[in-house]
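Please keep the sequence and the model in view while reading.

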Amino acid sequence: MTPTRYLAALAAAAALLFMLGGLHGVEAGPADTDCAVAQTAFGDCTGYVAGVEDKLSPRCCRGLADIRDMAPTFDRRRALCACIHKEMLAAGKVVTRRAATLPARCGVRISFLPTAHAFDCYRIPRTD
């Protein structure tokens, strides 16, 4: 399923990566674009996970569902986990309890969401 809510972000990221690739001889692959889209989608959750915002945004929950749908295979789940983990690290503080309960609070089954700075995306269980 293509995450339609982030189509504009996907198009902008793809255009930027294409332009940079044309200028510097670097080719951007679908994994780079998926990572940018996942980070944008998770961006709506970072304030809550960092403890800055008390209320969970409905956009965060929609973003989690889109991220889940972008990862039908184990390799994609691992790659998107790493992308989201980078986003969490860049945000700074992570309230582990909030990150760990985020999927349940949103009603989204997502098994590869990082929950702490020390989270290891290469240790997520294989489910396919």
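A residue is called buried when its relative accessible area is under 20%, exposed when it is over 50%, and partly exposed in between (1.4 Å probe, protein chains only). The model is a predicted one, in which local features need pLDDT of at least 70, side-chain atom pairs count only at pLDDT 80 or more, and totals for chains, interfaces and linings use all residues. Residues are numbered from 1 along each chain as its sequence is written, and side-chain values use heavy atoms, with hydrogens and water left out.

A disulfide is a covalent bond between the sulfur atoms of two cysteines; here it is assigned to a pair of cysteine sulfur atoms within 2.5 Å.

| Pair | S to S distance | S-S torsion |
|---|---|---|
| Cys 45 and Cys 60 | 1.9 Å | about 105 degrees |
| Cys 61 and Cys 106 | 2.1 Å | about -70 degrees |

Helices are DSSP runs (H or I, at least four residues), numbered from the N terminus.

The disulfide of Cys 45 and Cys 60 is right-handed. This pair links helix 2, which holds Cys 45, to helix 3 (residues 58–69), which holds Cys 60.

The disulfide of Cys 61 and Cys 106 is left-handed. Cys 61 counts as buried because its relative accessibility is 16%, and Cys 106 counts as buried at 15%.

Conventions:
Helix = DSSP H or I, 4+ residues; strand = E, 2+ residues; numbered from the N terminus.
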